[in-house]
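I'll go place by place and jot down what I look up.

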Amino acid sequence: MSYDVPHVPGEPEAESSSSAGPGFPLWEVFVRPSRGLNHVHVGSLHAPDAETAMQNGRDVYTRRQEGVSIWVVPSAAIHATDPFEEEAWFDSHKPYRHPTFYEIPDEVGHM
Amino acid sequence: MTPQERFDALIAGDEKVEPRDWMPDEYRKTLIRQIAQHGHSEVIGQQPEGNWITRAPTLRRKAILIAKVQDEAGHGLYLYSAAETLGISRDELQDMLHTGRQKYSSIFNYPTLTWADIGAIGWLVDGAAITNQVMLTRTSFGPYARAMIRICKEESFHQRQGYEIMLVLANGSAEQKAMAQDALDRWWWPALMMFGPPDAESTHTQRAVEWKIKRETNDELRQRFVDATVPQAHFLGLTIPDPDLRWDDESERWEFGEIDWVEFWEVVKGNGPCNKERIAHKVKAWSDGAWVREAARAHATKQTRMEASA
Amino acid sequence: MTQTVDSALRSALFTYLVRLGDDSLVLGQRLAELVSWQPDLEEDIAVANLALDHIGHCRNFYAYAGAVEGKGRDEDQLAFLRDERDFLNLVLCEQPNGDFGQTMARQLLFDAWRLPLLEALRDSADAQLGGIAGKAAKEARYHLQHSVTWVVRLGDGTQESNERMQAGLDFMWRYTDELFWGDEVEAALVAAGMAPDPASLRSTWETTIGDVLDRAHLRRPADPRQRGGGRTGHHTEALGRMLPELQFLQRSYPGLEW
């Protein structure tokens, strides 16, 4: 469901505070939909430890028979590439790595 | 390219902004507010429907209702997770909700007085939310869009189960039919109010639309909802509580009466029928559970220490 | 059900199925009360999952019970139209939720019994009962893991959580002996190879519980005078307060579709 909450005219925007407690660590959840497929990232949740994180992951992310295996990883353990470097890292064209680069005459048959 | 130019290009190209991309501070704040309040709405939304779980009239209805409320908790969780990618923690989010600094959709400040209310909520409230929902799967912020796709998939039974309840009641005994009509009478106008103030008065819409956070206006969505829902009410043989409701041949839509904007703002400001109870319930659950969360943290710490010294 | 002209056995099977169905209904209702009241969102989702599983088990047991009885009673008639003295659940199931420690105590004590029972029932001479039990056993396995996870964390967490968890155990302990009692109903089914002797489940239960109490730094409560009677409709006052809430709509508007 999608809910819009209107802003009351004249009310100041609330700033968040860090007076809230320490909370449970954040975990990223990966689910293997069925045997033969990769684990896929589905979202995150909070849990005090790995066992609870896996149980919660199962309850939250596989209610509709969506998986046969779950990985949970502390979010802090994830290292990510720098989005500013997206072009430098991922935009290097080497078309000769793809089969469509090559012209094989039809008479040769499937290759 | 400057970071601002890169951001503008992403938006203009209908591409997704991801958590570690540079984004204007206003964009980040607007998103945190919108996603958080959306999440809070789902979480508080457990309460009015949860109110009838123990009294559901059949085992099948009981199971369906528990599953629906469970989904709502799940949706809240996906949204909180999306908000967290923007730099706010779950605990801060809870705190903002409990202290009223962030809000939730006013629709959940109305009481569920009869079983028929559960039907009306599924039909009208979920129906209204769904009107908005598909649009949000195209929202510019990646984690929010992905949460919305997941929510949309799970949502598909929510409205149907509500309408099915209404169908059975409307075709049932005289008392059941009266129960259904009474629920419609009480939930119709609040459902229309879910779409927010009229476009002319909506302060944040303009910018939200520019940033492709919001992709259609309040009035557009509200009209779409009315046009879809009026025939559904007619099929039930129930009367929509609006004497000004009439079909307009020219514009091919249902013209409807004036919404009570005084009530609307009163409820948003905290003076609706159940505002205090909803927050009190949430605060109590959170504070009653503090010792549990503390215990889980303590146990985890002990385990880590044991493993380290092994 | 395998064709049997032995109406006494059929009657015993009916009662047995109602007992198991009532356990799940009453426990499912207790767990359902907790949705939106749990210490965090993840546990709201978890408790809803437990409640749904129990409602599912209940519906399977009731549907079969109705067929065995042969009087046309369906799952809703069994759930909503019987009075308190006709409910046959263990009194453990109807005990109130109290705080999270009390809830988990009830869950642990029940789950540690229910899993071996369902696993034994998979081999029932009655194939349909075996099938229902087999499906339920998978979920029961997960339930026990969830209960153990929490009892260990609460027992071996903070001083406060240990005290509350202990208090919960102390509260529920007097209702545990009933898990292993049997009467002529169980005797008839045991003789027909349809169900295990309840007393035979005790040693597995004791091992499971003993292991958890150990890990959770909890004391085995001193054996108070045990309270049972649920299996013959002699309940604690708790059930009488639950039933009106459960049954109100069906009782107020009899014979309608919902």
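Where is the place of C:H217 in chain C? I found C:H217 in the loop between α9 (202-215) and α10 of chain C. Helices here are DSSP runs of H or I with at least four residues, strands are runs of E with at least two, and both are numbered from the N terminus.

Before going on, a note on the ground rules: this is a predicted model, where local features need pLDDT of at least 70, side-chain atom pairs count only at pLDDT 80 or more, and totals for chains, interfaces and linings use all residues. Residues are numbered from 1 along each chain as its sequence is written, chains are lettered from A and ligands numbered from 1 in the order written, and side-chain values use heavy atoms, with hydrogens and water left out.

Most residues other than glycine have a negative phi. C:H217 counts as exposed because its relative accessibility is 52%. My cut-offs: buried is under 20% relative accessible area, exposed is over 50%, and partly exposed is in between, with a 1.4 Å probe and protein chains only.

C:S36 isn't a glycine either, and I noted a positive phi of about 80° there. C:S36 sits in the loop between α1 and α2 (41-69) of chain C. Is C:S36 buried or exposed? With a relative accessible area of 10%, C:S36 is buried.

**Helix pairs, chain C**

Next I looked at α5 (residues 100-121) and α7 (residues 159-172) of chain C, which pack at an angle of about 50° with axes 7 Å apart. The axes are lines fitted to C-alpha atoms, for helices over the stretch in contact, and angles run from 0 to 180 degrees between N-to-C directions. α5(C) and α7(C) are therefore oblique to each other. On that scale, under 35 degrees is roughly parallel, over 145 roughly antiparallel, 65 to 115 roughly perpendicular, and the rest oblique.

Who makes the contact? I listed residues with heavy atoms within 4.5 Å: among them are C:M104 and C:L109 of α5(C) and C:M165 and C:F171 of α7(C). The contact residues divide into 7 nonpolar, 3 polar and 2 charged. Nonpolar covers Ala, Val, Leu, Ile, Met, Phe, Trp, Tyr, Cys and Pro; charged covers Asp, Glu, Lys and Arg; the others, Gly among them, are polar.

**Chain B**

I looked up B:L167 in helix α6 (residues 142-170) of chain B. B:L167 counts as partly exposed, at 27% relative accessibility. Leaving aside neighbours within four places in sequence, B:L167 is in contact with B:F235 and B:L236. B:L167 and B:L236 are 69 residues apart in sequence, yet 6.1 Å apart in space, C-alpha to C-alpha.

**Chain A**

Last, I counted 2 helices and 3 strands in chain A. Along the sequence they follow the pattern β-β-α-β-α. Of the 111 residues of chain A, 32% count as buried.
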